[in-house]
Amino acid sequence: QVQLVESGGGLVQAGGSLRLSCAASGNILYIRTANWYRQAPGKQRELVASISSGGNRHYVDSVKGRFTISRANAENTVYLQMDSLKPDDTGVYYCNADVVLTNGTVMRDYWGQGTQVTVSS
C-alpha cells in the first residue's frame, strides 16, 4: 500500500519561510514525478510546483523565485521550500506523485492528505 504523508505546514508571518515534506511509503522503488498543489479557501486547487525523475522543475509564475521543489531519492521524499511567504500563499498544500513499485509497475496519481499553510499579514 502506497501512502504519501505531508508535513511541515503551519502559521507564519509574511516574509517568513516554511519547508514542506512529502514522504512516500510502501513497496516503492522511487518517486517518478511529484507535484505540489495548493487550495485556498473558495478557490480551485492549483499546481504550484513539479519535479520530474530527472530533476526538471516547473513552477507557477506566482511562486517563481520564492519556492523551490526538491527531492531526496534515497528517502523517497519530496520537499517544497517556501521563502518570502505572502498571505496569498495561504491554503492547504497537497503532494501528488507517480511512483514506481519494487516490481517495476508504475502507479499514478497518489495524493497526500494535505497540510495547512497560513501566512499572516
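An open sheet of 4 strands, in the order S1-S3-S8-S7 and with antiparallel pairing, opens this briefing; strands are DSSP runs (E, at least two residues; helices are H or I runs of at least four), numbered from the N terminus, and two strands pair if DSSP finds at least two bridges between them. The model is predicted, so local features need pLDDT of at least 70 and side-chain atom pairs count only at pLDDT 80 or more, while totals for chains, interfaces and linings use all residues. Residues are numbered from 1 along each chain as its sequence is written, and side-chain values use heavy atoms, with hydrogens and water left out.

- Strand S1 (3-7) and strand S7 (67-72) are the edge strands, each pairing on one side only.
- Between neighbouring strands of this sheet the average turn is 15 degrees, direction ignored; axes are lines fitted to C-alpha atoms (for helices over the stretch in contact), with angles from 0 to 180 degrees between N-to-C directions.
- Within the sheet, S3 is joined to strand S8 (residues 77-82) by 6 bridges in the antiparallel sense.
- Arginine 19 has glutamine 81 in S8 standing opposite.
- Serine 21 belongs to strand S3 and counts as buried at 17% relative accessibility, where buried means under 20% relative accessible area, exposed over 50% and partly exposed in between (1.4 Å probe, protein chains only).
- Apart from neighbours within four places in sequence, serine 21 is in contact with Val5, Glu6, Ser7, Trp36, Thr77, Val78 and Tyr79; contact means heavy atoms within 4.5 Å.

**The disulfide**

- The whole structure holds 1 disulfide according to the search, a disulfide being a pair of cysteine sulfur atoms within 2.5 Å.
- The partners are cysteine 22 and cysteine 95, with 2.0 Å between their sulfur atoms.
- Cysteine 22 lies in strand S3 (residues 18-25) and cysteine 95 in strand S9 (residues 91-101), so the bond ties together parts that are 73 residues apart in sequence.
- The disulfide is left-handed, because the torsion about the S-S bond of cysteine 22 and cysteine 95 is about -75 degrees.
- Both cysteine 22 and cysteine 95 are buried.

**Aromatic pairs and the arginine above them**

- Tyrosine 37 and tryptophan 111 form a tilted pair, because their ring centres are 4.9 Å apart and their planes stand at 50 degrees.
- Since tyrosine 37 lies in strand S4 (residues 28-39) and tryptophan 111 in strand S10 (residues 106-111), this pair ties together parts that are 74 residues apart in sequence.
- Tryptophan 111 counts as partly exposed, at 34% relative accessibility.
- Tyrosine 94 and tryptophan 111 make an edge-to-face aromatic pair, 6.5 Å centre to centre with 75 degrees between the planes.
- That pair links distant parts of the chain, with tyrosine 94 in strand S9 and tryptophan 111 in strand S10, 17 residues apart.
- Tyrosine 94 is buried, its relative accessible area being 14%.
- Through these ring pairs, Tyr37, Tyr94 and Trp111 are linked into a cluster.
- The charged end of arginine 45 sits over the ring of tyrosine 94, 3.9 Å from its centre; the criterion is NZ of Lys or CZ of Arg within 6 Å of the ring centre and within 35 degrees of the ring normal.
- The charged end of arginine 45 also sits over the ring of tryptophan 111, 4.9 Å from its centre.

- S4 and strand S5 (residues 46-51) run antiparallel and are joined by 5 bridges, with tyrosine 37 opposite leucine 47 in S5.
- The hairpin of S4 and S5 has 6 residues between the strands, and glycine 42 there takes a positive phi near 75 degrees.
- S5 also pairs with strand S6 (residues 57-59), in the antiparallel sense over 3 bridges; arginine 57 in S6 is the bridge partner of isoleucine 51.
- With 5 residues between them, S5 and S6 form a hairpin in whose turn glycine 55 has a positive phi of about 95 degrees.
- S9 and S10 pair in the antiparallel sense over 4 bridges, and valine 106 in S10 is the bridge partner of valine 100.
- In the hairpin of S9 and S10, 4 residues separate the strands and glycine 104 takes a positive phi near 90 degrees.

Notes:
Rings of Phe, Tyr and Trp (its six-membered ring) pair if their centres lie within 6.5 Å; planes under 30 degrees apart count as stacked, over 60 as edge-to-face and the rest as tilted.
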